[in-house]
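Work through the exercises below with the sequence and the structure in view. Each task is followed by its solution.

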Amino acid sequence: MGSSQSDHSQTDHIPVGYVRKAHGIRGDVVVRGLVDDASERFVEGMMLTTGESPGGTFRIGSLRMTGDDYLLHLEGIESRDEAEALVGSQFVIERSQRRELEQGEWWVEDMVGCEVV
């Protein structure tokens, strides 16, 4: 179908992490970071937006590391049931919010459809 408006809109948001599982009974979630600068994306007080429709925005109330993952308490999520409802959700940023690239670096999603020689 070539390059269409819907193809472009799919790349307007870049996933930075996703909810792997609920943790405990207070509504905490375990999040896996998907970007090199995840430690800058997942900090106390940071707002996170889900990529789902209609989408949601959550403020990180507290966090700690658990292995390679982040254990987050999101403000407004107060029960395990609410946390479990978020499992599989991706947190996204706008393309314009990506970090500056070093010389010789490219975004993988910008290379899709390019010919490699």
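**Exercise 1. Count the aromatic pairs and describe what you find.**

Rings of Phe, Tyr and Trp (its six-membered ring) pair if their centres lie within 6.5 Å; planes under 30 degrees apart count as stacked, over 60 as edge-to-face and the rest as tilted. By this rule there is 1 aromatic pair. The partners are F42 and Y70, in a tilted arrangement with 5.1 Å centre to centre and 35° between the planes.

F42 sits in the loop between α2 (38–41) and β3 (47–50) while Y70 belongs to strand β5, so the pair ties together parts 28 residues apart in sequence. Helices (H or I, at least four residues) and strands (E, at least two) are DSSP runs, numbered from the N terminus.

The model is predicted: local features need pLDDT of at least 70, side-chain atom pairs count only at pLDDT 80 or more, and totals for chains, interfaces and linings use all residues. Residues are numbered from 1 along each chain as its sequence is written, and side-chain values use heavy atoms, with hydrogens and water left out.

**Exercise 2. Decide whether F42 and Y70 are buried or exposed.**

Buried means under 20% relative accessible area, exposed over 50%, partly exposed in between (1.4 Å probe, protein chains only). F42 has 2% and is buried. Y70, at 8%, is buried too.

**Exercise 3. Trace the strand order of the barrel.**

Two strands pair if DSSP finds at least two bridges between them. The closed barrel has 6 strands in the order β1-β2-β5-β4-β3-β6, with antiparallel pairing. For β1 and β2, which run antiparallel, there are 6 bridges. K21 has V30 in β2 as its bridge partner.
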